Amino acid sequence: MRSTRLFASALTAAMLISVTACGGDSGGSSGGSGDSGGGDAPKIAAVFSGTTTDADYTFLGLQALQSAEKEFGAETTFSESVAVPDAERVIREYVADGNTVVWTHGSQFYDATVKVAKESPDVTFIAEQDTQPADVPDNVFVLDRNFHLAFYPLGILAGATTKTGKIAYLGGATLPFSYSEVHAVEQALKDSGSSATLTSVWTGDFNDPAKAQQFASQLIAGGNDVVLGSLNLGMVGAFEAVKSEGGGKTLMTAKYTDKSKLAPDNYVTSVIYDFSVMLDEILTQVEDGKTGGYLGMDYDKGISVQEPANVDKAVVDQVDKAVEDLKSGAIEVERDVTPIG
């Protein structure tokens with residue numbers, strides 16, 4: 001596993017240059033201000049579960065804060081590597097520090113966010129979820145990631161690409177959003193008439209490259225020639241597996257950011273997420289006097305599919321058509337969170 005650890009270290013080091021301006025110690029915080037600040041500029045605090053050098057989900061949160069600094073003159077601060085049991089305390093500290101907007105980047109923080117929001121009506125909160133929850137306080141914006149929409153085109157791609165008729169989903173934890181991703185792939189296979197079989201496994205940890213490499217190797221040994229990855233730092237290990245196992249012929253997709261450099265010959269695409277689009281929209285609504293609401297991400301708001309590589313042009317065209325049909329409403333993806341296995 002030494003090569004996996006080295007690869008992860010190299011990836012983190014490469015991203016460090018990009019985030020130095022707004023960095024922060026693990027578990028600590030850092031702030032900055034934009035060029036157009038003023039008396040009414042928002043003071044935003046973010047709670048992150050990972051580190052901003054992960055080239056993944058947390059880094060996307062940092063990018064959104066940087067956009068808010070530029071576009072709204074916001075003063076920003078954040079905490080990294082916050083564990084769920086600590087979230088309520090961190091949120092309360094940010095409220096006490098006078099932040100006008102508190103954003104918790106991850107659905108695992110939802111309950112803590114809503115609890116503090118009910119006690120802090122003068123502060124605007126942004127909480128992430130994978131549905132449209134009921135009984136949301138008036139001062140909470142719910143940001144729905146809609147992962148099921150993101151994975152539907154990957155199902156189309158996998159069904160059209162596989163040579164063995166066996167494809168796999170490699171996830172981190174058995175959570176409702178993960179189930180919805182798998183069911184979306186199943187719907188895509190059915191809609192496209194594919195006879196491919198789908199195997200779904202979870203490593204138990206989104207950020208463990210060693211476990212991801214082990215599980216991916218097992219999937220490849222089982223004949224799965226397309227693997228749909230839904231991991232964070234674990235993707236480093238998964239890509240190590242596809243490069244070295246099964247003659248290096250297995251193809252893999254990723255999530256959140258471009259990960260093509262991890263395995264150029266095996267990488268197909270990633271569903272790209274842009275949280276700056278959503279944070280900017282929320283801050284615009286705040287400027288207009290709105291304090292809460294529901295915003296769902298979609299292919300016009302923060303979700304996109306990177307142009308596929310290492311597949312035939314006909315497959316690329318099928319993926320493009322699926323995305324366009326999702327945009328137009330010609331295809332509706334059921335949000336099915338039924339547990340699997």
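A nonpolar core here is a set of buried Ala, Val, Leu, Ile, Met, Phe, Trp, Tyr and Cys residues joined through side-chain atoms within 4.5 Å, where buried means under 20% relative accessible area with a 1.4 Å probe, protein chains only. The model is predicted: local features need pLDDT of at least 70 and side-chain atom pairs count only at pLDDT 80 or more, while totals for chains, interfaces and linings use all residues. Residues are numbered from 1 along each chain as its sequence is written, and side-chain values use heavy atoms, with hydrogens and water left out.

**View 1. The largest nonpolar core, around Phe 239.** This core has 76 residues, and Phe 151, Phe 239, Tyr 273 and Phe 275 have the most contacts inside it. Zoom in on Phe 239: beyond its neighbours within four places in sequence, Phe 239 is in contact (heavy atoms within 4.5 Å) with Met 252, Ala 254, Lys 259, Leu 262, Ala 263 and Tyr 267. Another core, of 19 residues, lies apart from the largest one and includes Ala 87, Ile 91, Ala 127 and Val 140.

**View 2. Thr 250 in its loop.** Thr 250 sits in the loop between helix H8 (234-244) and strand S10; helices (H or I, at least four residues) and strands (E, at least two) are DSSP runs, numbered from the N terminus. With a relative accessible area of 4%, Thr 250 is buried. Not counting residues up to four places away in sequence, Thr 250 touches Ile 220, Asn 224, Asp 225, Val 226, Val 227, Val 242 and Asn 266.

**View 3. The largest pocket.** A pocket is an open set of points on a 1 Å grid over the protein atoms alone, with protein on both sides within 12 Å along at least five of seven lines; a cavity is a set where a 1.4 Å probe fits but cannot get out, and lining residues have an atom within 4 Å of a point. Of the 22 residues that line the largest pocket, Ser 49, Gln 108, Phe 206, Asn 207 and Asn 232 lie nearest its centre. Helix H2 (57-72) and strand S10 (251-256) are the elements giving two or more residues to this lining. The pocket's volume is about 430 Å³, counting the space filled by probe spheres set on the points, which are joined across faces, edges and corners.

**View 4. The second largest cavity.** This one holds about 30 Å³ of space. Its lining is made up of Asp 130, Asp 144, Asn 146, Phe 147, His 148, Phe 177, Ser 180 and Arg 335. Helix H5 (147-161) and helix H6 (176-192) each supply at least two of the lining residues.

Note on methods. Buried means under 20% relative accessible area, exposed over 50%, partly exposed in between (1.4 Å probe, protein chains only).
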